[in-house]
Amino acid sequence: MNPAPAGPPGREPRPPGSAPGRPLGRALEEGPVVLDGGLSNQLEAQGRDLSDALWSARLLIEGPGAIEAAHTAYARAGARVLTTAGYQATFEGFARRGIGRAEAVGLFARSVRLARRAAGTVERDVWVAGSVGPYGAMLADGSEYRGRYGLSVRELERFHRPRIEALAAAGPDVLALETVPDTEEAEALLRAVEGCGLPVWLSYSVAGGRTRAGQPLETAFDLVRGREDVLAVGVNCSDPAEAGRAVAVAAEVSGKPVVVYPNSGERWEAAGGRGWTGAPTFTADAARDWAAAGARLIGGCCRVGPRTIAALAAVLGAGRSAPDGPGPGSGRPGR
């Protein structure tokens with residue numbers, strides 16, 4: 001039997017699939033930590049069809065190996081946080097496929113296992129973030145980019161709490177409350193994670209210097225002030241041009257480390273041909289400015305692939321010499 005590969009000097013190697021020996025929050029105190037990129041575009045680059053209401057979460061049922069391969073591509077490109085395939089995974093969405101509650105709980109757990117196994121393919125600390133997408137992602141109609149669903153904060157809390165509990169029980173290192181379009185859903189999510197036993201980050205989708213629902217960023221980021229369970233706040237799945245100001249406002253208002261992972265800068269056209277238009281504007285060099293303004297979790301979202309994450313890791317001094325896997329792929333918005 002071959003011996004286990006040696007870890008970094010002065011550290012004992014961890015068993016494959018085990019969690020890092022230190023919390024993510026401690027790593028953020030030392031400097032920026034590189035996130036992964038868009039899971040859906042990497043899956044499509046691997047030849048998977050995601051034209052489905054469950055989007056990438058469908059492969060938890062039909063193609064878990066493809067999800068693990070996508071996570072592995074990002075880990076090998078330099079990502080130190082892998083985000084699970086749970087963005088559109090909900091009990092309600094699975095139920096429409098005839099999947100009962102017990103089986104759905106197993107799928108949430110599978111999403112964490114797949115990311116944890118991929119994390120074990122590299123010899124450095126790689127954390128697993130359980131993705132908690134917005135209510136609109138379950139509707140699969142683009143409403144997560146508008147918010148204001150006509151539901152109360154209490155109703156949204158009741159929707160989110162069961163899957164947060166199921167996901168937390170699966171043992172990720174952190175929960176990613178991501179692509180949140182408005183402060184009402186943010187408030188509901190923050191209520192729903194109380195007592196879950198895990199740190200969280202809260203990340204809004206923004207446009208025009210405001211939340212997608214039109215609220216001031218100052219109001220949005222102020223929600224996490226004084227919340228010890230929130231290790232970072234910021235923005236994702238937004239135009240890279242929005243990132244600089246959002247990072248600065250988040251750092252000033254919240255007093256916390258900032259998370260930022262924009263999309264490629266291309267635009268999704270839902271009408272007509274339903275596709276991406278324009279040219280990518282995401283550049284790894286911008287990460288230097290984001291880090292200087294207070295960003296500590298830095299990565300990419302839609303259409304940002306392993307090549308870009310490798311460049312980002314190199315800029316931040318946390319990468320490897322060569323990327324793994326294709327760059328931006330096709331597909332609609334969504335993790």
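Analyst: Happy to. A residue is called buried here when its relative accessible area is under 20%, exposed when that area is over 50%, and partly exposed in between. Please keep in mind that this is a predicted model.

With that cut-off in hand, let's start at helix H13, which spans residues 306-315. Its buried residues are Pro306, Thr308, Ile309, Ala310, Leu312 and Ala313. What lies over the buried residues of H13? The cover includes strand S1 (33-34), helix H2 (39-45), helix H4 (64-77), helix H12 (286-292) and strand S12 (295-298). Just after H13 comes Gly317, whose phi is positive, at about 75°.

Stepping back to the whole chain, there are 13 helices and 12 strands. Of the 335 residues, 56% are buried. Among contacts with a separation of 6 or more, 77% are between residues 24 or more positions apart. The chain exposes about 13000 Å², and carbon and sulfur atoms supply 49% of that area.

The salt bridges come to 15 in total. One of them joins Glu68 and Arg117, with the closest N and O atoms 3.0 Å apart. Glu68 sits in H4 and Arg117 in helix H6 (residues 101-119), so this pair ties together parts that are 49 residues apart in sequence. Arg117 has a relative accessible area of 43%, which means that this residue is partly exposed.

A further pair is Glu157 with Arg191, where the closest N and O atoms are 3.9 Å apart. Glu157 belongs to helix H8 (residues 153-169) and Arg191 to helix H9 (residues 183-192), so here the parts being tied together are 34 residues apart in sequence. Glu157 counts as buried because its relative accessibility is 14%, while Arg191 counts as partly exposed at 28%.

Arg191 has another partner: its side chain meets that of Glu187 in a salt bridge, at 3.0 Å from N to O. Why can these two reach each other within H9? Glu187 and Arg191 are four residues apart in that helix, so about one helical turn separates them. Glu187 is partly exposed, with a relative accessible area of 31%. Elsewhere, salt bridges link Asp52, Arg58, Glu62 and Arg97 in a network.

Finally, the cysteines. How many disulfides does the structure hold? The count is zero. A disulfide would need two cysteine sulfur atoms within 2.5 Å. For Cys237 the closest cysteine sulfur is that of Cys302, and at 3.6 Å the two are too far apart for a bond. Cys301 is in no disulfide either, as its nearest cysteine sulfur, in Cys237, is 3.9 Å away. Are these residues buried or exposed? Cys237 counts as buried because its relative accessibility is 3%, and Cys301 is buried as well, with a relative accessible area of 1%.

Key
Residues are numbered from 1 along each chain as its sequence is written. This is a predicted model: local features need pLDDT of at least 70, side-chain atom pairs count only at pLDDT 80 or more; totals for chains, interfaces and linings use all residues. Side-chain values use heavy atoms; hydrogens and water are left out. Buried means under 20% relative accessible area, exposed over 50%, partly exposed in between (1.4 Å probe, protein chains only). Contact means heavy atoms within 4.5 Å. Accessible areas come from the Shrake-Rupley method with a 1.4 Å probe; for residues, only the protein chains shown count as cover. A salt bridge is a side-chain nitrogen of Lys or Arg within 4 Å of a carboxyl oxygen of Asp or Glu.
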